[in-house]
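Dear colleague,

I am handing over the structure below, and after it you will find an account of what was found. Please keep the structure open while you read, and look up each residue as it is named.

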2 protein chains.
Amino acid sequence: MTTIYDIAKKADVSPMTVSRVINNKGNISEKTRKKVEAVIKELNYIPNSAAQSLNIKKTKLLSLIITDITNPFFTKVARGATDKANQMGYQLILCNTDENHEKESDYINALISKRVDGVIIAPTGDPSIKNLKKLIKNRIPFTLIDRQIEDVSCDRVLGDNYEGTKLLLQHLIDYGHQRIAMVHGPLTISTSKERYQAYIETLKINDLNIDSSFLVQTHYKQEKQWNGIDYLVNLPSADRPTAIFAANNFIAIKLIKSLREKRIKVPEEIAVVCFDDLELFSDLDPFLTVSSQPAYDFGYIGTQLVIERVEDVSPTDYRTINLKPELVIRKSSGTPIKE
Amino acid sequence: MTTIYDIAKKADVSPMTVSRVINNKGNISEKTRKKVEAVIKELNYIPNSAAQSLNIKKTKLLSLIITDITNPFFTKVARGATDKANQMGYQLILCNTDENHEKESDYINALISKRVDGVIIAPTGDPSIKNLKKLIKNRIPFTLIDRQIEDVSCDRVLGDNYEGTKLLLQHLIDYGHQRIAMVHGPLTISTSKERYQAYIETLKINDLNIDSSFLVQTHYKQEKQWNGIDYLVNLPSADRPTAIFAANNFIAIKLIKSLREKRIKVPEEIAVVCFDDLELFSDLDPFLTVSSQPAYDFGYIGTQLVIERVEDVSPTDYRTINLKPELVIRKSSGTPIKE
DNA sequence: CTGTTAGCGCTTTCAC
DNA sequence: GTGAAAGCGCTAACAG
């Protein structure tokens with residue numbers, strides 16, 4: 001491996017001078033700069049960033065911690081994050097926690113060891129606070145995206161789960177639905193909790209009865225059991241809801257699949273709506289009625305905010321950016337119910 | 001930041017001893033080990049990997065270079081790659097080249113500077129060879145995935161584009177199609193070229209006429225122009241193909257959208273098939289007939305192969321793993337044509 | 001404008 | 001079983 005010493009010797013200058021031209025720092029005569037640059041090119045020299053990091057205490061490394069890159073929402077988040085990171089000269093380390101607090105903790109340790117400059121994280125849930133505290137203790141700035149954790153000093157990019165839920169439910173109610181079920185995720189995840197609370201609130205405002213058996217829980221992961229859904233799907237037809245609000249797109253897909261297996265038609269027999277779009281697929285077949293969130297922006301803005309902290313150009317007060325959902329009405333919510 | 005010196009002082013041993021317990025290396029009495037470990041825990045000490053890297057010349061950093069994480073094929077690849085990487089104690093840096101050779105080159109430079117231990121790369125195309133040579137010069141092992149580049153010393157995980165194409169076309173031909181068009185990507189990309197050649201071969205074997213106006217080119221990117229497709233779609237109905245083979249799923253989606261805009265029904269008026277599945281979506285609505293590739297394995301195995309090189313446990317001969325495609329027949333290829 | 005001297009936090013090497 | 005000295009490749013701080 002060639003080092004600044006090799007360059008220095010060959011260009012007949014001191015290593016420090018080489019360092020200066022690499023970093024474009026300090027004053028150097030045009031002549032020596034040219035000379036050094038020529039040797040650098042000739043030897044294909046590329047600085048060792050481990051050595052640099054050790055001195056300047058910056059790595060130009062960021063990390064994005066999400067639950068699963070395979071979830072279309074997070075796929076877009078990741079695209080936004082890498083775009084912003086690269087645009088600003090950073091590299092992005094990708095971590096999938098699978099909603100697992102342990103894994104999250106392991107990642108955080110690895111990232112601290114790597115001395116990443118900053119982290120963009122969609123935490124696994126409320127217990128993540130312990131992991132976030134660890135980042136703080138190590139002075140690694142982070143921005144929280146998508147999922148809220150209370151009482152942590154950091155920037156945030158959050159959606160509006162109340163608004164998104166209301167949009168969806170009001171749409172169903174306007175269509176005449178009175179028996180609306182909800183499949184939500186674990187209430188330790190802020191998005192779940194807020195959508196859950198908004199569900200209850202919205203039904204109340206509309207003087208609709210809240211049937212607790214219509215509120216079933218599942219998880220946010222892709223595989224495994226989906227017991228809450230099975231319950232709803234197996235209800236005798238007289239007891240069934242006329243519409244179901246799925247807390248996210250994974251759940252909606254699983255739900256619709258289950259309904260179809262039971263030969264229950266969507267939307268003819270049961271309308272289905274959910275949070276978060278499936279953009280590519282919606283291009284092919286605009287089917288799901290959704291509250292669509294600007295996933296790309298969560299990643300892009302989230303990354304921008306950490307970088308600003310890293311580079312110390314942020315206001316001292318932590319910021320919370322709120323990204324608005326948009327109701328996209330498609331087939332799965334059916335048509336207004338005729339009395 | 002706490003260092004081994006802090007630990008050493010507090011545990012009343014030398015820094016070297018601390019280093020030994022961190023790395024589980026050399027002989028240490030149980031007593032001092034316990035003592036040191038206690039202090040490490042107490043001070044929440046986490047080793048600085050920049051300093052470690054500088055000595056041992058390993059970073060435990062890998063990079064995945066793909067064209068676009070947003071493409072469902074690569075999303076799965078990324079999942080496979082991160083899974084394997086993390087399982088083996090590595091972190092994964094994600095890079096999106098957007099089929100852009102320049103961007104690829106910039107990434108490679110950045111990664112060399114970071115001294116990543118290895119790279120898993122789906123190159124942008126034949127000119128990528130220059131970038132790969134650069135990796136070789138810097139002794140960074142890599143595995144080529146999905147896209148072939150000839151005459152490079154490295155491991156490979158490739159699909160079988162001939163087989164996948166034949167499967168799809170034979171299926172259409174068996175259904176009675178004689179006028180089959182193809183929309184392919186740039187021929188500087190091996191997957192494009194191979195699918196293109198397989199198309200010609202398969203038609204020949206079946207004694208079908210090859211109409212060069214039925215062979216149109218587009219690109220592999222998501223946005224922008226799609227001129228090749230527009231041409232096909234605007235053909236007067238008498239001149240139209242009865243089936244179209246789209247070289248990948250992005251192209252198929254764009255194609256179907258364009259066809260629908262022209263009120264041409266798929267599959268009733270034109271059958272459509274393509275390479276690579278859209279798994280999540282197919283769950284919701286099994287529509288596209290595809291040659292499905294085990295995307296996850298490209299990432300997983302690709303990563304496994306580099307790690308083996310990095311850790312020097314590979315056979316000296318470079319390996320090529322071939323992953324087989326699978327024909328999944330669904331609605332978009334229609335039904336057999338009645339004469 | 002350029003060079004010298006330390007030292008970043010750790011590991012390697014060689015003593016003891 | 002443990003420690004001291006040197007050095008990984010680079011930059012900060014100072015000197016000239």
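Predicted model: local features only at pLDDT ≥ 70, side-chain atom pairs only at ≥ 80, totals over all residues.

Ile40(B) is found in helix α3 of chain B, which covers residues 30–42, and the C-alpha atom of Ile40(B) is separated by 6.4 Å from that of Ile7(B), although the two are 33 residues apart along the chain. Is Ile40(B) buried or exposed? Its relative accessible area is 16%, and because buried means under 20%, Ile40(B) counts as buried.

Two packed helices are described by the angle between their axes and the distance between the axes. For helix α2 of chain B (residues 15–23) and α3(B), the axes come within 10 Å and cross at roughly 85°, which makes α2(B) roughly perpendicular to α3(B). On the side of α2(B) the meeting residues are Val18(B), Val21(B) and Ile22(B), and on the side of α3(B) they are Arg33(B), Val36(B), Glu37(B) and Ile40(B). Sorted by kind, the residues of this contact are 5 nonpolar and 2 charged, with no polar ones.

A second pair of helices lies in chain A, where α8 (residues 161–174) and α9 (residues 190–205) pack at an angle of about 40°, with their axes 8 Å apart. That angle makes α8(A) oblique to α9(A), and the crossing in which α8(A) passes α9(A) is right-handed. The contact involves, among others, Tyr162(A), Leu169(A) and Ile173(A) of α8(A), together with residues of α9(A) including Arg195(A), Ala198(A) and Leu203(A). In this contact of α8(A) with α9(A), the residues divide into 6 nonpolar, 6 polar and 4 charged.

Two further helices of chain A can be read side by side. Helix α5(A), residues 72–87, has 16 residues and reaches 23 Å from its first C-alpha to its last, close to the 22 Å expected at 1.5 Å a residue. How many of the residues of α5(A) are buried? The helix is mostly covered, with 12 of its 16 residues buried, and among them are Phe73(A), Phe74(A), Val77(A) and Arg79(A). Helix α13(A), residues 295–310, also has 16 residues and a reach of 23 Å, again close to an expected 22 Å, and here too 12 of the 16 residues are buried, including Phe298(A), Ile301(A), Leu305(A) and Glu308(A). Against which elements do the buried residues of α13(A) pack? They pack against α5 and against the strands β1 (61–66), β3 (118–121), β4 (142–145), β5 (155–159) and β11 (320–323) of chain A.

Some details of the backbone deserve attention as well. Most residues other than glycine have a negative phi, and most peptide bonds are trans. Asn44(A), however, has a positive phi of about 55° although it is not a glycine; this residue lies in the loop between α3 (30–42) and α4 (49–56) of chain A, and at 39% relative accessibility Asn44(A) counts as partly exposed. Phi of Asp207(A) is likewise positive, near 55°, and Asp207(A), in the loop between α9 and β7 (215–217) of chain A, is exposed, with a relative accessible area of 71%. Just after α13(A), Asp312(A) takes a positive phi of about 60°. As for peptide bonds, a cis bond joins Val266(A) and Pro267(A), with omega about 5°, and Pro267(A) is found in the loop between α11 (249–261) and β9 (271–275) of chain A. In chain B, a cis peptide bond joins Val266(B) and Pro267(B), with omega about 5°, and Pro267(B) has its place in the loop between α11 (249–261) and β9 (271–275) of that chain.

Finally, please look at Asp98(B), in the loop between β2 (91–96) and α6 (101–114) of chain B. At 15% relative accessibility Asp98(B) counts as buried, and it touches Arg79(A) as well as Thr67(B), Asp68(B), Lys103(B) and Lys221(B), not counting residues up to four places away in sequence. Arg79(A) is itself one of the buried residues of α5(A).

With kind regards

Terms used: Residues numbered from 1 in each chain as written. Chains lettered and ligands numbered in written order. Heavy atoms only, no water. Axes fitted to C-alpha atoms, helices over the stretch in contact; angles between N-to-C directions. Helix = DSSP H or I, 4+ residues; strand = E, 2+ residues; numbered from the N terminus. Parallel < 35°, antiparallel > 145°, perpendicular 65-115°, else oblique. Left-handed = near helix turned anticlockwise from the far one by under 90°. Contact = heavy atoms within 4.5 Å. Nonpolar A, V, L, I, M, F, W, Y, C, P; charged D, E, K, R; others polar. Expected span 1.5 Å × (residues − 1). Buried < 20%, exposed > 50% of the residue type's maximum accessible area, 1.4 Å probe, protein only.
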